[in-house]
Each structure stands twice: as structure tokens, then as C-alpha cells.
Amino acid sequence: MSQDTAYTPPKVWTWEKASGGTFASINRPVAGPTHDKALPVGEHPFQLYSMGTPNGVKVTTLLEELLALGYRDAEYDAWLIRIGEGDQFGSGFVEVNPNSKIPALMDHSTTPPTRVFESGAILLYLAERFGEFLPKDHATRTETLNWLFWQMGSAPYVGGGFGHFYAYAPEALEYPIDRFAMEVKRQLDVLDRRLAETRYLAGDDYTIADIANWPWYGQLALGRLYDAGEFLQVQEYANVQRWAREIDARPAVKRGRMVNRTFGEPAMQLHERHAASDFETRIEDKLETSQ
């Protein structure tokens, strides 16, 4: 899989052609909107603009966990942003997140409404707002934030590094695949060693650290990302496997995985969510179409 010819970078890089690969049509070297498109606004305090990728699942999982605890004011409208079609470059979305990445959240319970972008910032915002999934004591709160921000810095090597070159690049290249596979396995080993000591990443309690890490590393361990479970030998990380399965069984996680999801099993897709009853309606629809 080695490259046939060596590449010599020019003195000044210029954007002369698409990069190729799965996301070539939406990759570009400039920011800002490409078209005018206002975002829809529903009736609930929180308006989430997202897609059911790992970063999107973080936020829908936390919102569903808060609702499961009885926080009715955590009710939200989830609007699908189809990143493959460039929805994230619409003018309304760019106003919420100038970086044009999902997820993005608007909190309409404040005056004026508060925008929150970047998944880690959204998790921290909601955890502090409701006083849940972020411990109060100094030591455990700090450990939670350690693992929350560890995920922010580490997961790009999983997605933009390994995932891109292993699953999405226009051709398979040995060097980047080896480089990022090595790093992902190192990260799994970091988690495995930590989870040999504690039930969850910050200690005995389930926190936003787990909610942030699970959509990436938990689903990778369960063989759901990039069809790379065998390649990475994820079954070797026994403690990560235990942690991944335990979180996967949580009802709120099951619901969170469905929201804004457009891929995978049709029964696991709920393109938009505006009420808790949407889950039941989705299941009923599936039963009717299967008869």
C-alpha cells in the first residue's frame, strides 16, 4: 500500500483540486456560509442542530439522560443537519457555530438565547445547568474534566486520522493507516488501564466524561466504527469492553443513538426528535411497515 511516488510540498499551498474521498465535496480551506438558510425553531427550550455521528450522540445522550432523571425543562427539539449535503454551511447554522461543525445548541430559556457549540462545551453547559453528571467535590470534578478534555484532544486521531485514512480516503496508504492505528490502539490502552482501576472514567459514578468518550471509544470497542474491530483487535481491551457494554445497555443511550441518525439499521434511526413520544411513534411505524 506504499505510495508509488514521493510528494514534494510546494513553497505555498494552494487549493487547486478537491481532496478526494468520502467528504471531498464539503471540504474547503475557508470558513463562513455558502448559502442563506434559516434554522428551524421548535417549542422547547433547547434547539439542537446535529447529526447522529459520535459527536452528535454525546449531546443527545446527555439530554436523554437528563430527561430520564425527570428534568422536564431539558426537553429539546432535534433538527437534522445533513453534513454530507453541506447543511452546516447554511447562514443560520454558521451563526450558531462559526466553525460549521455539528453539534450546535441554542438555549432559548435565556434572554437573549445562548448559543453553545463544540460538543465538550455543550456537555459542560448542560451538566452545570442541571447539576447532574458533573460531581460537586473538587477531586472527582477535576478527574471528570480531565477525561472530558482528554477525549476532545484524542478523538480527532480516531476520526480525522484513523477513520479517514482507513475508511474514507480515496486510496489506502500504508504510512497514515499504520501511524493512526498505532495511536488509536495506544489510546484504547490508556482507557483500558484506567478502567481496570475504576468502574467509570472519573470513578464510581457515570459522568459527562463517559458520555463524551463512549460514542467514540465505546462504539469502536463494540465494532461499530469504520468496520475496524478486527483490524484493531478491540476485543483485547477487556476493561473497555466491560465499560462499553454497560453504557450501551442504558435506555437513555439507546435513545440518544437514534436521534438525528440517518445510517445503519433503519430501526435505529430517528431523523428528528421533537417529543419523547417520537421514539414510540418510530417503533410503531416500523411495526406497521413490517406487517
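Residues are numbered from 1 along each chain as its sequence is written, and side-chain values use heavy atoms, with hydrogens and water left out. Because the model is predicted, local features need pLDDT of at least 70 and side-chain atom pairs count only at pLDDT 80 or more, while totals for chains, interfaces and linings use all residues.

A search of the whole structure turns up 1 cavity of 30 Å³ or more. Here a cavity is a set of points, on a 1 Å grid over the protein atoms alone, where a 1.4 Å probe fits but cannot get out; a pocket is an open set with protein on both sides within 12 Å along at least five of seven lines, and lining residues have an atom within 4 Å of a point. Grid points are joined across faces, edges and corners, and a volume is the space filled by probe spheres set on the points. The largest cavity holds about 30 Å³, and its lining is made up of T61, Y206, D210, I211, W214, P215, I247 and V253. Helix α6 (residues 208-221) supplies the largest share of that lining, 4 residues; helices (H or I, at least four residues) and strands (E, at least two) are DSSP runs, numbered from the N terminus. By class, the cavity lining has 6 nonpolar, 1 polar and 1 charged residues, where Ala, Val, Leu, Ile, Met, Phe, Trp, Tyr, Cys and Pro count as nonpolar, Asp, Glu, Lys and Arg as charged, and the others, Gly among them, as polar.

Next, T53 sits in the loop between β1 (46-50) and α1 (54-68). T53 is buried (under 20% relative accessible area, with exposed over 50% and partly exposed in between; 1.4 Å probe, protein chains only), at a relative accessible area of 18%. Leaving aside residues up to four places away in sequence, T53 touches I83, I102 and F263, contact meaning heavy atoms within 4.5 Å.

Helix α9 (residues 251-258) has its own buried set: A252, V253, G256, R257 and M258. Just after α9, N260 adopts a positive phi of about 60 degrees.
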